[in-house]
Amino acid sequence: MPEQTTAVPGRRTTAVRPPGPDGPAGATAVAHPNIALVKYWGKRDEQLVLPWTSSLSMTLDIFPTTTRVRLDAGAGHDAVTLNGAPATGEAARRIIAFLDLVRDRAGLPHRAVVESVNTVPTGAGLASSASGFAALAVAAAAAYGLDTDATALSRLARRGSGSASRSIFGGFAAWHAGRPTGSATEADLSSYAEPVPAAGLDPALVIAVVDAGPKDVSSRAAMRRTVDTSPLFEPWAASSEDDLAGMRAALRRGDLDAVGEIAERNALGMHATMLAARPAVRYMSPASLTVLDSVLQLRRDGVPAYATMDAGPNVKVLCHRADADRVAGAVRAAAAGGSVHIAGPGQGARLVGEGGR
Ligand code: 2P0
């Protein structure tokens, strides 16, 4: 049974002094990616990053992102590096917009030096934006002295990338879609993630990287197109509510087969919504289908194993940790030439080093 870890358990983030004569304030945070078992696909508010449906995920114990934010009172612009290289284009724009939001809330004008190191293998198809914006939210909130608890950090991380709201927490976490009506402030306050109890489960996610190439359509654009044009989106969103309730119950009783069945049907349903978009968005490749076939064969051989896929061709297979090596072997043979990684439930985003500074 994984420990349900909160980001900054029940406490406020370390208050960090604002920049002043003693030098610039700074903070470093670590966060891990998460894989959704009930998916987030589609926004009802793009600016506030409010989803149409609630979602539920498992935070991983591999592929951490470490992000340091240091305020630079004398600088005229933010300086952002990702894996040692200056951030450019859309990545830089999203990070600076996020820092603007933090500055606005903190009432501080200072620009920042942001250094982020991501250990996800290039093109692994794992939402690095989840670990990236969760780590940035925790580090930037501390560096700018925001007085935030884990719920507020989850809301804040959501503004950077929806799935990041869930990486604030360890183990299993559900992100509430929030109230669809009311003011923007009410809507914002109502949409955040929180830990989900799971009893007696010792799960693993076996990750098969079948294609390391960049995707043709970003998940942001693909979501928009699906919501706008797919006749299957509304039925999937409606069935997703049942999937979430079933998933919560299955986790509560530690029923891996039920967790896996719901996760697999929810993910394949999400991909069906995209295939029905106009024009279609297709992330599955022939190699993905070969891995999906190997998962069916594992089940026929009596090994509980269930597949999920995100906005890319790579496949993640949920199983008991005791079966992870066998599942990895079967998946490796199917994903000829691809890499295979075994993950367990990991910790939520947190401050590290220098007393959290
Ligand atoms: C998820 N995905 O629930 C779903 C399933 C991909 C497929 O969340 O636009 O990077 O930044 O809010 O969080 C990927 O989308 O999108 C994602 P934005 P994000 O994990």
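**Figure 1. Surroundings of L136 in the predicted model**. Leaving aside neighbours within four places in sequence, L136 is in contact with T67, V69, I95, F98, L99, V114 and A141 in this predicted model.

**Figure 2. The largest nonpolar core**. This core has 55 residues, and those with the most contacts inside it are W41, V69, L136, L156, I168 and Y283. Helix α2, which spans residues 128–143, gives the most to the core, with 11 residues. At least three residues come from each of domain 1 (23–196) and domain 2 (203–343). A second, separate core has 28 residues, including L37, L56, V120 and V196.

**Figure 3. The loop residue V49**. V49 is found between strands β3 (43–45) and β4 (50–51). Its phi is near 55°, a positive value in a residue other than glycine. Most residues other than glycine have a negative phi. V49 counts as buried because its relative accessibility is 2%, and buried means under 20%.

**Figure 4. The loop residue F63**. F63 lies in the loop that connects β5 (55–59) and β6 (65–72). This residue, which is not glycine, also has a positive phi, near 65°. With a relative accessible area of 9%, F63 is buried.

**Figure 5. The cis peptide bond between R278 and P279**. R278 and P279 are joined by a cis peptide bond, for which omega is about -5°. Most peptide bonds are trans. P279 is found in the loop between helices α8 (256–275) and α9 (286–300).

Note on methods:
Residues numbered from 1 in each chain as written. Predicted model: local features only at pLDDT ≥ 70, side-chain atom pairs only at ≥ 80, totals over all residues. Heavy atoms only, no water. Helix = DSSP H or I, 4+ residues; strand = E, 2+ residues; numbered from the N terminus. Buried < 20%, exposed > 50% of the residue type's maximum accessible area, 1.4 Å probe, protein only. Core = buried A, V, L, I, M, F, W, Y, C linked by side-chain atoms within 4.5 Å. Domains from an automatic or database assignment. Contact = heavy atoms within 4.5 Å.
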